[in-house]
Amino acid sequence: MARVYNFSAGPAVLPEEVLTQARDELVDWRSSGMSVMEMSHRGKEFISIAEKAEADLRELLAIPASHKVLFLQGGATQQFAMVPMNLLRGKKSADYVNTGQWSKKAISEAKKLGAANVVATSEASNFTTVPAPGAWKLDPNAAYVHYTPNETIGGVEFHWIPDTGDVPLVADMSSTILSRPLDVARYGLIYAGAQKNIGPAGLTIVIVREDLIGGAAPGTPSMMDYRIHAENGSMYNTPPTYAWYIAGLVFEWLKRRGGLKAMAAVNERKAKKLYDYIDASGFYRNPVDPACRSWMNVPFTLADAALDEAFLKGAKGAGLVQLKGHRSVGGMRASIYNAMPEAGVDALIDYMKTFVKNKG
Ligand code: PMP
């Protein structure tokens with residue numbers, strides 16, 4: 001069996017140890033005589049899996065008791081709607097920061113459900129920066145402030161937490177959660193699709209301060225109401241049990257690796273060596289302001305786009321896959337989430353060097 005280095009933005013690489021463990025437990029989970037996929041979500045076996053996963057996530061992120069953790073479905077995209085449905089709580093509007101394509105999707109969904117004010121944008125830089133905190137025109141009466149700490153397509157990341165005073169801060173952490181320690185208490189709500197740093201697609205994690213639960217707009221369907229999910233332990237309906245289980249294995253793997261402080265050190269090092277090489281190469285280019293380059297998603301272009309196809313073909317031959325940039329921006333993108341081994345980044349840099357040498 002030959003595993004490749006998979007640089008996909010998501011669904012993304014999972015730790016090989018987790019996949020091996022899942023394989024070993026696939027048919028008969030710990031002498032239960034059945035697969036996790038076949039278990040009742042209300043049975044004691046699955047409840048133990050679910051509770052352990054939540055406890056480990058709480059430990060990894062040091063989630064305070066003030067915050068509930070929900071294991072939902074619908075992806076981060078569903079949260080674009082659930083956040084305004086639940087958090088507007090009769091207020092006139094919410095503030096949104098626009099740093100790229102995922103922010104824009106969140107904004108357009110919020111606009112359907114009420115007023116979304118764009119209080120800061122980095123559009124003038126073609127989304128290669130994040131707006132400086134002093135430039136945000138925050139409304140003290142806003143229901144919440146929403147931002148996207150890591151723009152998966154643009155490769156732009158906030159390396160600081162915005163200060164929004166008493167207005168709850170809401171973050172789409174889909175592509176950065178668990179990449180480093182996080183001060184969860186600073187947030188009213190955090191959401192993330194699982195398929196990057198958490199586990200398989202189909203699971204969405206929401207971490208929400210308890211006082212923000214229970215204010216859904218009249219007419220909100222049950223499945224869109226945080227209160228219903230919180231009151232039912234994320235089991236109002238059948239949850240994505242297998243994805244929840246795999247996420248739990250990923251959390252255990254993160255703990256074995258030394259937790260998020262250890263992950264942050266590796267992630268920073270992986271990103272730095274790739275950016276350093278790109279900047280020094282004179283052939284590859286990353287347009288993002290060095291102060292807000294993503295640790296997780298590294299877009300880059302070649303000096304001549306006519307070489308893109310040859311680059312991708314050669315990369316595939318070297319066991320480096322899914323490097324093609326998002327269809328909206330072209331070029332390349334290397335997503336280097338927690339589960340991408342440092343050796344994978346080293347192999348990519350070696351290949352990039354060889355490609356430059358041989359391109360003529
Ligand atoms: N937000 C961000 C930052 C993302 O990267 C993605 C997926 N790439 C989404 C939202 C949408 O997530 P989903 O497909 O889980 O709805």
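Helix H7 (residues 259-281) lies across E11, E12 and E14 and runs at about 15 degrees to E12, where axes are lines fitted to C-alpha atoms, for helices over the stretch in contact, and angles run from 0 to 180 degrees between N-to-C directions. Helices (H or I, at least four residues) and strands (E, at least two) are DSSP runs numbered from the N terminus. This is a predicted model, in which local features need pLDDT of at least 70 and side-chain atom pairs count only at pLDDT 80 or more, while totals for chains, interfaces and linings use all residues. Residues are numbered from 1 along each chain as its sequence is written.

The three strands form an open sheet in the order E11-E12-E14 with antiparallel pairing, two strands being paired if DSSP finds at least two bridges between them. Strands E11 (284-285) and E14 (332-335) stand at the edges with a single partner strand each, so one side of each is left without a neighbour in the sheet. E12 (residues 297-302) pairs with E14 over 4 bridges, and Phe300 has Met332 in E14 as its bridge partner.

An unreviewed UniProt entry annotates a "binding site" that includes Asp172 and Thr238; such annotations may be inferred rather than shown by experiment. The table gives their burial (buried at 20 or more other C-beta atoms within 10 Å, exposed at 12 or fewer, partly exposed in between, with C-beta atoms placed from the backbone).

| Residue | Class | Other C-beta atoms within 10 Å |
|---|---|---|
| Asp172 | buried | 28 within 10 Å |
| Thr238 | exposed | 10 within 10 Å |

Asp172 lies in strand E8 (residues 169-172), whereas Thr238 is found in the loop between helix H5 (226-231) and helix H6 (241-256).

Conventions. Contact = placed C-beta atoms within 7 Å.
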